[in-house]
Amino acid sequence: MASSITIENVHAAYGAVRVIENVSLRADAGETVVLLGTNGNGKSTLMKCIMGIVRPASGSIVAEIDGEKHNLVGLQTEQIVDLGIALVPEGRRLFPKLTVEENLLLGAFRKKARAQIKGNLDFCFEAFPRLAERRRQLAGSMSGGEQQMLALARALMLAPRILLVDEPSVGLAPQLVSRTIDAIKQLKDHYQLTVLMAEQNFTQAIRIADRGYVIVHGKIAFEGRSADELNNNDLIRKFYLGM
Amino acid sequence: MNTLSFSAIATAVGLAVLAFAQWLGLDYFYFAGYTILQFIVLATAWNILGGYCGYVNFGTAAFFGLGAYTTVFMYKLYPLPIPLLMLMSAVVCGIVGFGMGYLTLRLRGAFFSIATLAMAVVVQTLVINWDFVGGSRGAYILHPENLEFAGLKVNYIVYLFVLMLILAVVALASARAIERSQLGFGFATIRDDELAAEACGVPTLRLKLIATTLSGAFMGMAGAPFPYYIGYLQPQSAFALDYAVNSIAMPMIGGTTSWVGPLVGAVLLGSAQQYATVTISSAVNLLIVGLMLVAFVIIAPNGLIGLVQKRLRRGPP
């Protein structure tokens, strides 16, 4: 069943500081869409707008979950999570003093997710065998890569339809970034998710992207309708590659 | 062990304490014990918000004092039995806790703490200027020396002691039940990382409001019998800083992550204070609290519970 998200003309600000100006983008069913941009351009804020953590000043955010449309603006974060939209927050944000297993169980805090807790837990341990080995270990004592895997797995415990991933590469070694990106692709294929990923690491993000947007100073500077278009673009060369 | 059997055991322990007190036959034991039990309730109530959710509340005195003044108000209006007054105080302080939570929970960390401290001052000022409950003059609450229960003559202090004992058992059983429930799990996520909690779909605001309401209600219940205990209540003693400081220090010394912490901390610190009151002077109470807090921050930052857990973990695998 189709799940997609459409953002139209969204403005957002922290007090007087405008962070997002007139942003429109969409992620269609089964797509992996990347949101590219360097630090401080509004990627995370946009993610927070979708999740209802930051309330946009204007504009609409509509999610279609299994064919049913929901307007997300004005909903509480827990209601948005209930709809089947999960966020992997920037910097992982695990519960460091709880064990791996407890972190995962907390992912399924919502009633709907609790019903399928057993199956999802098994799947997470199957997808990330490392986590199964460390299920009794404190989350804070694992390596950065393992923590990122746990953050992904925790979001999956919600059995989401749409997955938002905010900068999965933060603080990871290049090899681990690559592995994390691969993991996102695998999970997407298995669960038939729609993925919206904010990322700075252009070359890694583009590997799994169907489409993408470049966000500069809170505005969409470029829309790439395919991975190729993103790859061969002057703006991206200018902004990222310094050419 | 489920909540029911825990409650049964806690009740049995409570009865044992009561039997011991009867065997001792010392009125002073009841007086001192009442204060310690009262601090067990206050520390446990504080810990629901401060320990489980990580929101440090400096406003214990506001709730305690409000509970006490609910009793004074009713005493002037129409004296009711104390158990009823406790329920009324619970309702009043639960509502105030809910309101305080709603107004202040956008604030985090030190800002939240300062807001709660300010609330204690506001409530105290209101009571000082409210003539009906005695204002700054205070109010006398008279009680008979003895009570009759089914033909049995009971000393009034024993009655108060038993009430507080029951409340302590209820508070501890509730705290323990919360700790092991979905609710307690949610509280722990708020303590560890509120943003991550929201991303997991934890309804953080609702849970925090539940915590402030419950915490406030228990503090109010602890305050309700206080006017009968002390006989003469004035704002300075009902809203004393001692309550705020003690109910923070006790869970910290015991350990904030479990119901055992506030219990151990309250018994330890409460007894030390009672001992000091008798042997040295009641003025050194806060000094003892301060010194113990400093010592524990250095030796055992996670409280006695943390110290024990560390030992267990380090032991043979």
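In chain B, helix H2 (residues 27–50) and helix H6 (residues 156–179) cross at roughly 25°, and their axes come within 9 Å. Angles under 35 degrees count as roughly parallel, so H2(B) is roughly parallel to H6(B). Keep in mind that this is a predicted model.

**Helix pairs in chain B**

- H2(B) and H6(B) make a left-handed crossing.
- Sort the residues of the contact of H2(B) with H6(B) by class, and you get 20 nonpolar, 4 polar and 1 charged.
- Another pair to look at is helix H13 (residues 260–279) and helix H14 (residues 285–299) of chain B, which pack at an angle of about 140° with their axes 9 Å apart. That angle makes H13(B) oblique to H14(B).
- The crossing here is right-handed as H13(B) passes H14(B).
- On the H13(B) side, the contact is made by B:Leu269, B:Ala272, B:Gln273, B:Ala276 and B:Thr277. H14(B) brings B:Asn285, B:Ile288, B:Val289 and B:Met292 to that contact.
- By class, the contact of H13(B) with H14(B) splits into 6 nonpolar residues, 3 polar ones and no charged ones.

**Chain B as a whole**

- Chain B has 15 helices and 4 strands.
- Its C-alpha trace spans about 55 × 45 × 40 Å along the principal axes.
- A compact globule of 317 residues would have a radius of gyration near 20 Å, and the 19 Å of chain B agrees with that.
- Some 47% of the 317 residues of chain B count as buried.
- Take the contacts in chain B with a separation of 6 or more: 77% of them link residues 24 or more positions apart.

**Chain A as a whole**

- Chain A comes with 11 helices and 10 strands.
- Along the principal axes, the C-alpha atoms of chain A fill a box of roughly 45 × 40 × 35 Å.
- For 243 residues, the radius of gyration of a compact globule would be near 18 Å; chain A has 17 Å, which agrees.
- Buried residues account for 46% of the 243 residues in chain A.
- Among the contacts in chain A with a separation of 6 or more, 69% are between residues 24 or more positions apart.

**Where the chains touch**

- Chain A puts 21 residues into the contact and chain B puts in 14.
- On the side of chain A that touches chain B, the elements giving two or more residues are helix H2 (77–83) and helix H3 (100–107) of chain A.
- H2(A) provides the largest share of that side, with 4 residues.
- The side of chain A that touches chain B is made up of 12 nonpolar, 3 polar and 6 charged residues.

**A closer look at A:Thr32**

- You'll find A:Thr32 in strand S3 (residues 32–36) of chain A.
- A:Thr32 has 24 other C-beta atoms within 10 Å. The cut-off for buried is 20 or more, so A:Thr32 is buried.
- Setting aside neighbours within four places in sequence, A:Thr32 is in contact with A:Lys188, A:Val195, A:Met197, A:Ile208, A:Ala209 and A:Asp210.
- A:Lys118 lies 86 residues from A:Thr32 in sequence, and the two are 27 Å apart in space, C-alpha to C-alpha.

Conventions: Residues numbered from 1 in each chain as written. Chains lettered and ligands numbered in written order. Predicted model: local features only at pLDDT ≥ 70, side-chain atom pairs only at ≥ 80, totals over all residues. Axes fitted to C-alpha atoms, helices over the stretch in contact; angles between N-to-C directions. Parallel < 35°, antiparallel > 145°, perpendicular 65-115°, else oblique. Left-handed = near helix turned anticlockwise from the far one by under 90°. Contact = placed C-beta atoms within 7 Å. Nonpolar A, V, L, I, M, F, W, Y, C, P; charged D, E, K, R; others polar. Rg over C-alpha atoms; globule rule 2.2 N^0.38 Å. Buried ≥ 20, exposed ≤ 12 C-beta atoms within 10 Å, placed from the backbone.
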